[in-house]
Amino acid sequence: MNRKIQFLLIAVVLLSLLVAVKAIGQQKVTLSGYVRDQASGEDLIGATVQVVGTGTGTITNVYGFYSLTLPSGNYTLQISFVGYDSYTIEKNIAGNETLNVELAGSVEQLDEVVVTGEAENANIVNNEMSVVRLEPKTIKEVPAVLGEADVIRSIQLLPGITSVADGASGFNVRGGAADQNLILLDEGIIYNSAHLLGLYSVVNPDAVRDIKIYKGGIPARYGGRLSSVLDVRQREGNSRQFNGEAGVGLISARALVEGPLIKDKSSYMIAGRRSYGDAFLQLTGNDNVAYFYDLNVKTNYTLNDRNRLFLSGYFGRDKFELGSIFSNNWGNATGTLRWNHLFSKKLFANFSAIYSNYDYSIDQLTSGAEFNRKSNIITYNLKGDFSFFIDNNNLMEFGADNKWYEFRPGEITPIEGSNVLSSSLDEKFGQELGIYASYERKLGNLTLTGGLRFSGFLRQGRQEIPVYLNDQPVVYNEDLGRYEDGEIISTISYGSGETISDFYNFEPRFSATYVLNDRSSVKASYNRLYQYLHLISNTNSPTPLDVWAPSGPFIEPQKVDQLAVGYFRNFAENMYEASIEGYYKEMDNLVDYVDGADLLTTNTLETEILSGSGRSYGLELYVKKNRGRLTGWVSYTLSKSERKVTGIGADDPGINNGRYYAANYDKRNDLSVTAVYKLNDRWSLSGNFIYATGVPTTYPVGRYEFAGLIIPQFEDRNQQRLPDYHRLDISAILKGKKQRWKRGGHEWIFGFYNLYNRANATSIYFVESEDNKGVSEAWKSYLFGITPSITYNFKF
């Protein structure tokens, strides 16, 4: 199989060389360079470089680089980025040339307020669909719980993106599970995106400069997850002057500083955030603890016109203690070293070395049974990405990456004086390979992109692998009507680095855009993806204690095929943009748990899970207003997400007797309305209204008594739903007088989350009535009633 990898890599290289020879023979010249912010020197992602009077143009990549190929001659060039003054230059281009441009931020007028950072009709002409870019500025204007601006909650206001409940960790995209989202922070993988068990996300908006989420049409350079890619890029730091900003809210405080290390050559950014709920608890004499913190750092150094280095990191942690009963902490850490290299005016490359670690620790402090349990997953990643700007109508991207995984599912250590014995679950190791190539071709009004990713996964030792009777880790006991562990008849021992299982797959990607006119277009996309990592959980949303497991001899890689089509239309000179998209997804080898599964302490996960399939389909509507005093958007999704687990044989029922059942996060209707209204130069108002169908749940159909205990009896899974969810949030921003601060202004943010105090259920449970013995009563738990907030932000 290694020969296949080598053959594919050789084919990609040869194809690139052939295209390069053809491009050289065209006797054209290339204008290339970077587009940056004039004030800070930071790269501008998605800026437009246009040849005035022609249809020729391009946009900058994620590092602000562009390349434009033209016949030699005189041209008028216009470089633009929404929120900045356009720059126009007359230029005689006789040979290959470099043109670096710096754009100045435009003075914001009341009637020119914008909520996007791309070209005004980028949604029409770009060969992208099911993709949304959010600006940090927009996120900070959206009302948030307790006034804490949040990236993950903000993207849930977009079509096709939901969560199961208030306070739920993660998010769900187009009927996919939360573990099917690839969350990247400067290319580092974030395995748990939540703080405080789901109240907030780990992404600090102050430290972010670009947020882009792919729900479909996922480019070939991404792999490893089925449903979406959330690509977050941190700020690079101001290379011109020192700046800072800070904020204080009801539950946390944050600060950011940035500035040049060497002016116009090297800069840094450091951002920190910490909650202080534990301080309030201590003041009231409460010995419980609950807090989180984040630290974002980044620096860069320009070696010369062709080489630039970036070093960035993220470190975050949560800690929760319940008196002398137990203590729990968890956190993510990432580190990324990147090297940008310009081989030529046409060939741009980025090489990255990336480290990610997610870990959690629990201290059980009950007398006589004190112990500590630790678990973590570590990822090392080496990758190279190349962009070959053949000419204005042809773009080739190709690259490769290699990830190494270490899975440490659990190590139990007794605390001094405890009766608990030391133990540990088997460590697991894996290696994921990826090679890709994609080619974009513009043919007049039609743009086509075809891509292919070749992925492989090696499950590796050292480990003892059990051999089960009849190769069945799970068997069905017809007499008891339940699933049980299969019989282990022997084991196979694998040494360190020895391959236990291997998987190799091709992942085709395709997208097309046909521009009807400068106001409308139709688009289509298809992608196949494989996922080799699985989050083993029996809860509706991820928890810090859930176990990540690799594919292997008993767990097949997950697979998805997704097809999407859409119509895009702008109105009133791009003031309004609208889209309608339909999608259909089929998923295979999805992991679900058997009833009564033990997922945390078992060393043989394969005895607790079943494999099934899934499907989801839906319609997404999106209308957005980009300019004026009133800006915002309306999104609506009509969708259905189902799972099917038929079991292991003809005589066992699987789940719900092998019939399709609603996924835990299925929401038939999901509506979000977000609006921002600027009253004047100092006051602005914003609001959200959200309505969604209640998520599926399982209620008991009866009960029985055993050993003096009342035991609920359940039948089919997810046949009922929680009550529908809806709420209204509002906030007001008051900007202070800028002259009070040397280099920036200050502002107050006042807000109410869940203004009309709707008690949205996170669960419904049943208990025996105290007044009427033998009668069960339903109780509803919910997280937030009406919640006021106040935040003070300032820059210096």
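In the predicted model, the side chain of Ser789 comes within 3.4 Å of the backbone nitrogen of Gly147. Residues are numbered from 1 along each chain as its sequence is written, and side-chain values use heavy atoms, without hydrogens or water. Because the model is predicted, local features need pLDDT of at least 70 and side-chain atom pairs count only at pLDDT 80 or more, whereas totals for chains, interfaces and linings use all residues.

Ser789 lies in strand S53 (residues 787–795); helices (H or I, at least four residues) and strands (E, at least two) are DSSP runs numbered from the N terminus. With a relative accessible area of 11%, Ser789 is buried, a term for values under 20%, with exposed over 50% and partly exposed in between (1.4 Å probe, protein chains only). Beyond residues up to four places away in sequence, Ser789 touches several residues, among them Ala144, Leu146 and Phe750; contact means heavy atoms within 4.5 Å.

Lys140, in helix H3 (residues 136–141), is partly exposed at 31% relative accessibility. The C-alpha atoms of Lys140 and Asp150 are 7.8 Å apart, with the two residues ten apart in sequence.

A nonpolar core is a set of buried Ala, Val, Leu, Ile, Met, Phe, Trp, Tyr and Cys residues joined through side-chain atoms within 4.5 Å. The largest such core has 37 residues, and Ile155 is one of those with the most contacts inside it. Among the elements that each supply at least two residues of this core are helix H4 (151–155) and strand S17 (228–234). A second, separate core of 27 residues includes Tyr222 and Val560.

Definitions and conventions
Polar contact = N/O pair within 3.5 Å; in protein donor to acceptor, adjacent residues only side chain to side chain.
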